[in-house]
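Please examine the sequence and the structure shown here before reading further.

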There are 2 protein chains.
Amino acid sequence: MSKGLPKRSEDYSLWYNELVKRADLAENSAVRGCMVIKPYGYSIWEKMQAELDRMFKKTGHTNAYFPLFIPKSFLSKEASHVEGFAKECAVVTHYRLKGDPSGNGVVVDPEAALEEELIVRPTSETVIWSTYKNWIQSYRDLPLLVNQWANVVRWEMRTRLFLRTAEFLWQEGHTAHETKEEAQEETLRMMNVYAEFARNFMALPVIKGIKSESEKFAGAEATYCIEAMMQDGKALQAGTSHFLGQNFAKAFDVRFATRDGGLEYVWGTSWGVSTRLMGALIMAHSDDNGLVLPPKLAPIQVVIVPIFKSGEELQAISEKAAEIMEKLDAVGISVKFDGRDTFKPGWKFAEYELKGVPVRIAIGPRDLQNNTLEVARRDTLTKESIQLDQIDLTDKIQTLLADIQNNIFQKAKRFMDEKTTMADTWEEFVEVLDNKGGFVSAHWDGTAETEERIKEKTKATIRCIPLDRDGDQGNCILSGKPSAGRVLFAKAY
Amino acid sequence: MSKGLPKRSEDYSLWYNELVKRADLAENSAVRGCMVIKPYGYSIWEKMQAELDRMFKKTGHTNAYFPLFIPKSFLSKEASHVEGFAKECAVVTHYRLKGDPSGNGVVVDPEAALEEELIVRPTSETVIWSTYKNWIQSYRDLPLLVNQWANVVRWEMRTRLFLRTAEFLWQEGHTAHETKEEAQEETLRMMNVYAEFARNFMALPVIKGIKSESEKFAGAEATYCIEAMMQDGKALQAGTSHFLGQNFAKAFDVRFATRDGGLEYVWGTSWGVSTRLMGALIMAHSDDNGLVLPPKLAPIQVVIVPIFKSGEELQAISEKAAEIMEKLDAVGISVKFDGRDTFKPGWKFAEYELKGVPVRIAIGPRDLQNNTLEVARRDTLTKESIQLDQIDLTDKIQTLLADIQNNIFQKAKRFMDEKTTMADTWEEFVEVLDNKGGFVSAHWDGTAETEERIKEKTKATIRCIPLDRDGDQGNCILSGKPSAGRVLFAKAY
C-alpha cells in the first residue's frame, strides 16, 4: 500500500495529497472544492471534536444551532465584514427546479426567485448577533457563552484537502459580555484552550500571538491566533480567537441595561477551529511511510497482526490476541485484531504504518511457545521483543502510548525551534526565507505598507506578533524605521 | 413563567408553539422557515445524538461526511428522486457578491454565475452513491455501512418549529450490500434501532410498519417507518428506513465483482431521523404546565431549590445541597442548584416545571433541622417529604428517575392504545376521525386511487401497513373491494 507514496523531500505537496487519499482520510468530491471526509479521517475528527467540546463545556459554554443561510442584507451591516466575505460566497437565488422544457433533466424555475438572496454562511457572526438582540436585555443575561458545530462555505478558487476547501466543518464560539475586559479575557481564554488542545492532544507546539491589522478577522478589533510549523518550513494558522469589541453589537443594535441603570452596547468575541486542524495534524508529524498519529487522537491505538501459515496457527494466535484485547480494552485502549487471511503480514504492516496506528503487536507461533510478543512503535519505526512472563503488558502499552505521544510532541517542538531564525538585515531575512524556511523573527516598523511590500517581495506574511516577545527594540528589516519588537514572518498555508 | 401558557384543550397548536419558545427549545430565525435551536433545546438533541450514535456504532456503522452541495444533474439521475425533491430545494446559482453600483449594500455579481447550479442537499443519496462508485469494486468492499450527521434543506412553504422547517438537522445512514436479503435485513435492523431508541430513551411507543406506494421515499423500493401518536390525536412519522433496491446503484453505475466472478449492481438502504424527534418528544408527553422530559434525555435531571429568607439560611442550605450534589453526581445524575436570590422559589418551581426537569428537591431551614427534603416529580406533579435518616437518597433518586421514565412511557402507551380504533364502515371511519382522532385501523383495497380519495375526503393518510397486522381479511371501507388486511389511517403532522 505505502509503496509508491511520494517522498517529502522530493515533492512535499504531492506527498501530502497522496497521503490524505491513500490513508483514507479524505478525497475530492464531484462538487468543485468540496471534500468527502472518509470514515477513517472522520473518526480522527470525531476525537478532536469530543475533546474540544469537553474543553468548551468545562469553560462554561453550551452548544446551540443557528441557520445555514444568511440574508444578503445582514452581511452589509458590518462594513469590514462584508468586505471580507462577499467576494467568495455561495449565493442561493431560487427555491425550486422544474422539468427542462426540452425534456432533458431539470432547470431553475425562474418563477421561484427569492425576494432576497441568501448566502450560505461563511461564518455566523451576523445571523447570531441578529438573534442575540432578542436574547440580551439586561446584564443578567450576560455573559452569553455559546458554541456551534457546523459546516461553512467560502468559495475558494484554489482548494486543497483539509487545508482550504469550499465547504469545511468547524466550531464557532460566539460570546457576549458586559465589559470590554471580560470579552478580552474570553478571547485570550479560548486562544489558550486551542493552544492547550494542540499541545496535549495533537502533540503540536504552537506560537500564541496577535495578528497584524491587515491579517485580522473582517469585523474584529483584534485577532489572536495559534501558529504551527509544518515539515516543509511553511506556517499554518491553526486557530483564531477574535475580540470583536462592540462592532457586531452596534451593527445589530444589541444593547443591555447595565447594573447602574444605563444602556450600553454588548462586547463580543468569536473563535473557531476547523477541519484544517486535520491538515496540520497530518503535515506536522507524518513521514514517508505514511501517517504518524498521536495516540490520543488515533482511532486505533494498537493493532495486532497474526503471523501464521495454517488455520490452526491462526486459531491459536487469535485466542492469545483475544486475551490481550480484553486486557487493553479494560483500560480504554482501542485495539484491533486483523485476522484476515486475504492479506500477508508484510502488507498489513505497511497498511497500518500508512494509517499511523501508534503501536503494532505481531504474534507468531514461536511467540506462543516462548510467551513473547513483538511490539513495534510507529513514531520511531523501532521494535522490540517482549517477554510476557516478566512484564505487565497493560502497563507496558500504556507507558508506550504516553511515550509516543510525548516523543511526537518533542520532535515537532525541536523542529519548530530549529526552524525559527532571527534575522536583523534584509539580506539575512531573504536568505533564510529562500533557503531554510520556517519562522523568521524580525523587526518591522508596524505599518501596513511595509507589511505589504515584504509580502510582495518574499511571499512571507506576518504570522503573528508573539504574546511572549521581549521588549527587544530595533529597526525594521525593510524600511529601517524603529520597531517596537520582533514579529514572526513565514510563508504560510 | 408558565403563567399564560395556552391550554392544550383550547389551542393545541398554539400551546406547542408557545411551549417550544418559552421553554427555550427553539425559535424562528430571521431566515424564513429556518429555526434557531437554543442551548436548552440543543442539549436535549445532543443527548439524542449521543445515544443514536452509540447504537449505530454498535451495529457496525461508522460516520463520514459528504458535500453540502449536489450538482443539479445528479438529482435527475434517479427519476422518482428528482420528482420528489426538485419542487422544494434551495438552488445556489452564483459564487460572489459585489458592491451595489447604487452604493447601497451588495448585489449578486452576474459575472460569477456557476456553470452548473448546485442544490443544497435535501438528502444525500445522489452525492453519496456517486462517491460509492469509487469505493466499491468487489464483494470484499461490502457491506459498506456509513452514517452522516448533517444539516439538510427542503424548501417547505408552511413551517413549524422542529416539525417542518426549511433547514433541519438529521442523520442519514447510507449502506451498500452484496445481496438483496442483506439490504432488506439492514433496512429492518435500522427501523428496529429507531423503535428501540424511541421506546427506551424518548419513552415513546411507536407502531412499526411499511409505507404505502404513494407515501414511500422518492427513489426507494420500500419505506419502513415508525409512527407515533401525539396528544391531539394526530400521528407523527418519527423515523424512516428505506430499502433502495438497486435503484441508486443503477443510477450511478455502482457495480461489484461478485464471489463467483460476475459483475452486479449493489443493493442499497438509507435511513434517517431528524430534529423532528424533538417535536415528537415535546408533543407526546408535555402538559399545560410545560415540558415533561423523560429522565434519560433531560439535560438537568434534578434541580435543587433552596427556600430561604436570609443569607445565612441560603449559606446553610447551599452546604447541604453541595453534599447531595456530590453524591448524585458520583452516580452520573445531572443536578443543578439554583441559588439565585433574584427569583423567588415559586417562580423557580414554575420555571423548572416549564423546562421539564424530572425531579425537584426543595430545602428550607426546617428541613435542615429535621434532616428532611421535599422531593417533587414533574410527571405526576406530586411531592413527598423524605426523611434522610431513613433512606439512601442516591438510591431513592435513581429509583425515582427510572420510575418516571417508565411512567411517562406507560402513559403514552395507554394513550396510543386508547386512540387506536377499528372501523369497519365508512361512517364509523369518518366518525372516529372527526370526533376522536388517533389511528384508525381499517381495510383498504390496496390501490393508490382509493388512498387518494380517502385523503381528499378526510385528510387522513395511510400512516403505515403495520408489520404485526394479523391476516384479518375484509372489505375496503371506501370501495368495498377485498382487502388483504387492515392498515393504519390518521391525520398526521
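A salt bridge is a side-chain nitrogen of Lys or Arg within 4 Å of a carboxyl oxygen of Asp or Glu. In this predicted model, the side chains of Arg463(A) and Glu227(A) form such a pair, with 3.0 Å from N to O. Between domain 1 of chain A and domain 3 of chain A, the count is one salt bridge. Seven residue pairs are in polar contact across this interface. On the side of domain 1 of chain A, strand 12 of chain A provides the largest share, five residues.

The domain assignment places residues 12-69 and 125-285 of chain A in domain 1, 296-415 in domain 2 and 420-490 in domain 3. The size of an interface is often given as the accessible area lost when the parts come together. For domain 1 and domain 3 of chain A, this area is about 1,200 Å², with 63% of it on carbon and sulfur atoms. Within domain 1 of chain A, Ile207(A), Ser212(A) and Glu215(A) lose the most area to domain 3 of chain A, together 31% of what that side buries.

Attention may now turn to Arg378(A), which lies in the loop between strand 20 (372-377) and strand 21 (382-387) of chain A. Is this residue, Arg378(A), buried or exposed? Arg378(A) counts as buried because its relative accessibility is 3%, whereas the limit for buried is under 20%. Its side chain makes a polar contact of 2.7 Å with the side chain of Asp287(A). The side chain of Arg378(A) also reaches the backbone oxygen of Leu291(A) at 3.0 Å.

Conventions
Residues numbered from 1 in each chain as written. Chains lettered and ligands numbered in written order. Predicted model: local features only at pLDDT ≥ 70, side-chain atom pairs only at ≥ 80, totals over all residues. Heavy atoms only, no water. Helix = DSSP H or I, 4+ residues; strand = E, 2+ residues; numbered from the N terminus. Buried < 20%, exposed > 50% of the residue type's maximum accessible area, 1.4 Å probe, protein only. Polar contact = N/O pair within 3.5 Å; in protein donor to acceptor, adjacent residues only side chain to side chain. Domains from an automatic or database assignment. Buried area = accessible area lost by both parts, 1.4 Å probe.
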